[in-house]
Amino acid sequence: MATDLLEMTEEQREIRNLARDFALKEIAPYIADWDAKAYFEPSIVKKMGDLGFLGMLLPEEYDGLGVDTSTYLIALEEIAVVDASAAVLMSVHNSLPTQMILQFGDEAQRERFLKPMARGEMLGAFALSEPEAGSDAAALTTQAVRDGAAWVLNGTKSWVTSGSHAGAILAMARTDSRDDRKGARGIGTFIVTPDLPGFHVGKKEDKLGLRSSPTVQLNFDNLRVPTDNLLGDPSMGFIYAMQSLENGRLGIAAQAIGIARAALEAATAYAGERIQFKTPIREFQAIQFKLADMATRIAASRSLLHSAARAKDRGENVTQASSMAKLFASETAMFATNQAVQIFGGYGYVKDYPVERLFRDAKVTEIYEGTSEIQRIVIARELYASD
Ligand SMILES: Cc1cc2nc3c(=O)[nH]c(=O)nc-3n(C[C@H](O)[C@H](O)[C@H](O)COP(=O)(O)OP(=O)(O)OC[C@H]3O[C@@H](n4cnc5c(N)ncnc54)[C@H](O)[C@@H]3O)c2cc1C
């Protein structure tokens, strides 16, 4: 039994059990097939919404659960233990689009979008990245030009998680003029809905892992977005996105911990069953040390994550803490899944056991919502922030 170093309240235990039961019943039996076919099952969105998992951080007045950040992350870890693809859907939806509308939207936007999003009737997505703008996201070139009661958007968004199934996509586009570029202060965030003229879903990515999470390009071809769908200030959209990514990174850290925990659980069980040299391999110290290192890094990741979550709920600045949690947890996911494959030997390299999928799923946690290199830049920059 691995220690989790978390003192959970009764409510947190109930929500964790709800998440576990949901994932085991509705996802676990199908996950190998969905992964093989790169299939996304749309019905899980409504099921997650019915249980409250898509409005966890939203106040009850918008049909949300209104729980604290730690409780949300406990549920997210539990989903990720079973399926990292469902976890990223849940993380993006809860941390980015819904939080952005809640924090930076007006009351009409909150009324229109948040209730259906919390109930799982409308899935959210976040479209910042572009083919030429990844880590340097402020270099994005999708252009928004005001035309009467609409903004007209032209450009391509890449890597949009859930983009093919989302009803509300928070998309960043330049609102400054081509002759007077203002960098990060010349970008707006728009609530794009797929019914708008000029909206097209482009290429679906054929990925290494997270194969049952659809990741797509979106093409905006004279996309007419009503001015009512502009979020807040037209020059502040990039700042809103960066602030929201601090929440997002906590979610990705929870996802990474879930993947790592699944690897540890699978490896612990296998090491007890697998006999070599007439001995269960768990008796070999080389195997014990791997399991010990996995368990220790998972516990340390969880401690970092939940101390960041508590600091966030106290209203403190968590720029550095969220990057630390995301960096350490994602490297733990990669470490733990690598060790798990090793403990399984040849059987870790084939699809008969889940560790092969976990190994593939883990990698992306070091890439999205800021690569590990970008997290280290943020952490180091914060060391000098008060100078
Ligand atoms: C499965 C998946 C889902 C995604 N979902 C979304 C989504 O929903 N919405 C969205 O907007 N984006 C999404 N992304 C995009 C993701 O956030 C980017 O892939 C990520 O930010 C990295 O950008 P890039 O791929 O262009 O790599 P690049 O920025 O080109 O980086 C390439 C390499 O250079 C390194 N590098 C770059 N700049 C520096 C620097 N200054 N110092 C040191 N090293 C540096 C990087 O760390 C990396 O190792 C997703 C990506 C994937 C793979």
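This is a predicted model: local features need pLDDT of at least 70, side-chain atom pairs count only at pLDDT 80 or more; totals for chains, interfaces and linings use all residues.

Q: What does the radius of gyration say about the overall shape?
A: The chain comes out at 21 Å, and a compact globule with 387 residues would be near 21 Å, so the two agree. Along the principal axes, the C-alpha atoms fill a box of roughly 80 × 50 × 40 Å.

Q: What about contacts, how far apart in sequence are the partners?
A: Take the contacts between residues at least 6 apart in sequence: 74% of those join residues at least 24 apart.

Q: OK, switching to the inside. Which residues touch the most other members of the largest nonpolar core?
A: F190, A263 and L305 do, in a core of 117 residues. Helix 8 (residues 237-273) supplies the largest share of this core, with 18 residues.

Q: Why would residues like that gather in one place?
A: As a general point, nonpolar side chains tend to be buried together in soluble globular proteins.

Q: Let's zoom in on F190. What does it touch?
A: Leaving out residues up to four places away in sequence, F190 touches A144, W151, L153, A171, A173, V225, N229, L230 and L231.

Q: New topic: which domains does the chain have?
A: The domain assignment gives domain 1 (10-118), domain 2 (124-238) and domain 3 (239-383).

Q: How many residues of domain 2 are in contact with domain 3?
A: 12 residues of domain 2 are in contact with 10 residues of domain 3. On the side of domain 2 that touches domain 3, there are 7 nonpolar and 5 polar residues, and no charged ones. The centres of the two domains, taken over C-alpha atoms, are 30 Å apart.

Q: And where does the ligand sit?
A: It lies between domain 2 (124-238) and domain 3 (239-383), because both give residues to the shell around the ligand.

Q: Which residues come nearest to it?
A: G134, S135, W159, T371 and E373 come nearest, out of 21 residues around the ligand. Strand 1 (124-127), strand 3 (150-161) and helix 12 (372-383) are the elements that give two or more residues to that shell.

Technical notes
Residues are numbered from 1 along each chain as its sequence is written. A residue is near a molecule or strand if its C-beta atom, placed from the backbone, lies within 6 Å of it. Helices (H or I, at least four residues) and strands (E, at least two) are DSSP runs, numbered from the N terminus. Domain bounds come from an automatic or database domain assignment. Two residues are in contact if their C-beta atoms, placed from the backbone, lie within 7 Å. Ala, Val, Leu, Ile, Met, Phe, Trp, Tyr, Cys and Pro count as nonpolar, Asp, Glu, Lys and Arg as charged, and the others, Gly among them, as polar. The radius of gyration is taken over C-alpha atoms; the globule rule is 2.2 Å times the number of residues to the power 0.38. A nonpolar core is a set of buried Ala, Val, Leu, Ile, Met, Phe, Trp, Tyr and Cys residues joined through C-beta atoms within 7 Å. A residue is buried if 20 or more other C-beta atoms lie within 10 Å of its own, exposed if 12 or fewer, and partly exposed in between; C-beta atoms are placed from the backbone.
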